[in-house]
Amino acid sequence: MTGRLSQAAVTVILVAAAFGVVALIMGISGYSVTEVFSGSLQGAVTAKGAPSSTVRWAIPLFLIALGVTIGFRAGFFNIGGQGQFYVGACSALAVSLGWRTGPGVLVILLGTLAAMASGAVWSFIPGYLRVRFGTDEVLTTLMMSFIGMLVLQYLTAGPMRNPAGSGQTAASERIPDAYRITGSSGVSLTVLLIVGVTAALIWILLERTRFGLRVDLAGRNATMARWQGINVRRVGLASFVLAGALAGLAGAVELYGPAARLVTGFSPTVGFNAVVVALVGLLSVPGVAAAALFFGGLQSAVLFLPIVSDLPPSALVLLHGTVALLVTIRVRAKRRVAAA
Amino acid sequence: MEQILATTLRSAAPLALVALAGVFAFRAGIFHLGLEGLMITGAFVSVAVGDATGSVAVAILAATAVCMALSVLFWLVIEPLRANVIIAGLGLTSIGLGGTAFALAAVYDTRGSIRTDIALPRPVRGVNEGFGVIFSELSLLVWITPLIVFLAWVTLRRSRFGLRLAAVGEYPFAARSVGINPSVMRLKALLIAGALCALGGAELSVGALSSFTENMTAGRGFIAFVAVIFGAWHPIGAALAGLFFGFAEAVGIQSQINISESVPREFVLMIPYVLTIFAVWLGGLRRRRSLEAEAGYAELREPD
């Protein structure tokens with residue numbers, strides 16, 4: 001327990017250090033750090049609508065990061081969340097555009113299932129190659145991510161393009177309000193319920209079931225796990241499928257929730273940010289939830305900041321990068337190398 | 001047809017240069033996912049410094065220096081501080097993309113792009129007839145890229161340094177046992193990689209366009225990384241893979257103009273990624289063996 005606490009302390013210090021570095025850069029560039037800080041606090045917490053905006057941005061981060069967590073705990077570097085998220089959102093859109101007369105609940109249910117299935121497939125391919133042939137999953141999940149981005153680009157610029165839309169960025173048409181689970185705020189009882197139940201299920205799965213124990217054992221020492229009679233391949237593959245399904249779910253929630261339509265290259269860094277969130281959350285479900293809320297708050301703050309200060313949104317990208325650069329300094333994600 | 005050839009060469013040169021950077025890192029046992037970030041930094045610094053000083057040589061030197069400094073930072077984090085290479089590399093990429101966009105806003109007060117009058121020399125500029133015309137737009141860096149590829153090949157395959165580097169990447173424990181310090185070798189490899197990324201980025205900004213746009217590398221650093229794998233982490237193989245991806249990019253640009261109805265551009269752009277998955281799959285066993293060597297070394301180093 002104390003090990004866990006000191007690990008958390010180190011992580012907090014490293015994240016604080018990253019903030020310090022970025023604040024220094026902002027100061028040198030002539031921004032008022034106190035102004036940015038108080039503005040961020042307003043944008044994330046105190047301003048009207050800020051808390052719900054924080055939650056809105058935390059949700060996709062949280063869902064994808066849960067998947068990353070399962071993968072890392074099983075010893076796999078599944079960093080393809082971005083692509084899984086995109087194909088999930090595309091599938092959800094395809095269902096709601098394909099069945100325009102369907103009853104709302106059914107369409108949303110079917111679309112969400114389709115999203116989770118397609119995200120799972122996107123993750124299954126690298127997962128299968130990894131456990132069956134030892135193909136490096138860092139590369140394959142990254143490649144699948146790029147392919148997923150191009151799928152989204154193709155669909156929003158081609159078959160699913162809104163014919164009435166003008167503008168330079170390709171976007172699909174909006175889905176009808178009947179097929180949405182939130183307003184544009186992105187927060188509603190339904191969404192909170194979906195996310196809460198998912199989080200509870202994943203927590204139980206990881207902490208209270210045999211499967212969770214097997215995941216941790218396989219991630220810590222695959223050879224030993226195999227000797228103890230654990231089918232490491234099956235556990236590994238399940239971790240990939242679950243991660244993909246969670247990222248796909250995030251895509252469906254994004255579409256049926258705040259987004260309502262898909263735009264080429266939307267949320268372009270959410271997959272990578274989710275990896276950062278998972279690591280900052282020390283690969284535990286409550287930790288990841290806290291980290292997701294924190295980074296969701298930052299996202300909300302950055303969108304709010306132009307009102308009080310002219311800080312460019314790229315400052316957040318810089319911050320995420322700095323956190324990623326530093327966060328694993330001690331907290332090394334387990335990377336299983338002796339293949340399954 | 002000639003147009004495709006010229007576009008291919010122009011697209012391929014930065015890819016080949018950054019792919020060489022990836023090869024140096026890969027040889028030292030580093031999966032360098034920060035190439036994209038270094039590349040965009042090189043692109044930005046060369047435009048910014050070139051615009052401020054008016055000298056393209058100073059611009060290239062400054063870009064190289066900044067990218068090498070960032071490489072030292074990367075090395076500090078992954079070697080002495082033992083952070084995870086993949087996460088730190090992706091972090092470096094975000095720092096590059098976010099940092100350049102931030103600097104664009106903070107220094108130039110713009111969110112879009114900056115232009116400069118500075119450009120790399122174009123050796124065949126004067127030629128106005130025959131075959132030479134299509135090459136007149138190519139910058140000096142494109143012309144000397146084959147030379148750089150050759151030098152990289154000599155360094156990696158025919159020099160003492162290169163062979164030591166290979167030893168560090170393939171079996172660090174053995175390297176250490178004959179008195180090579182793997183960590184220092186990795187620093188040297190990363191420094192070379194940083195300089196090559198700076199050149200690749202500079203070609204993109206002051207070579208081809210004389211301007212810098214936010215996010216202008218558009219994933220080329222990752223494509224270059226793919227070229228490393230695709231070219232079996234051999235300098236010439238990676239450069240040829242870069243040439244091939246440059247060709248794919250050129251065809252993609254052409255098909256966008258000409259035959260966009262029959263073949264969607266996105267499908268052309270997917271080809272490198274799909275091919276890479278196949279390449280990694282089929283070449284997977286070799287990679288795994290070297291990773292196991294790495295694991296064995298890691299266990300010797302930290303018996304926890």
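Here is a short walk through the model, one selection at a time.

Keep in mind that this is a predicted model, where local features need pLDDT of at least 70, side-chain atom pairs count only at pLDDT 80 or more, and totals for chains, interfaces and linings use all residues. Residues are numbered from 1 along each chain as its sequence is written, while chains are lettered from A and ligands numbered from 1 in the order in which they are written.

**Select chain A.** Switch to cartoon view and you'll find 13 helices and 0 strands (DSSP runs, H or I of at least four residues for helices, E of at least two for strands, numbered from the N terminus). Its C-alpha trace spans about 60 × 55 × 35 Å along the principal axes.

**Now look inside chain A.** Buried residues account for 57% of its 340 residues; buried means that 20 or more other C-beta atoms, placed from the backbone, lie within 10 Å of the residue's own. Of the contacts in chain A between residues at least 6 apart in sequence, 81% link residues at least 24 apart (contact: C-beta atoms, placed from the backbone, within 7 Å).

**Next, bring in chain B.** Here 43 residues of chain B are in contact with 40 residues of chain A. Color α4 (85-108), α9 (220-230), α11 (265-282) and α12 (284-301) of chain B: each supplies at least two residues of the side that touches chain A. Which helix gives the most to that side? Zoom in on α4(B), with 15 residues.

Technical notes
Two residues are in contact if their C-beta atoms, placed from the backbone, lie within 7 Å. A residue is buried if 20 or more other C-beta atoms lie within 10 Å of its own, exposed if 12 or fewer, and partly exposed in between; C-beta atoms are placed from the backbone.
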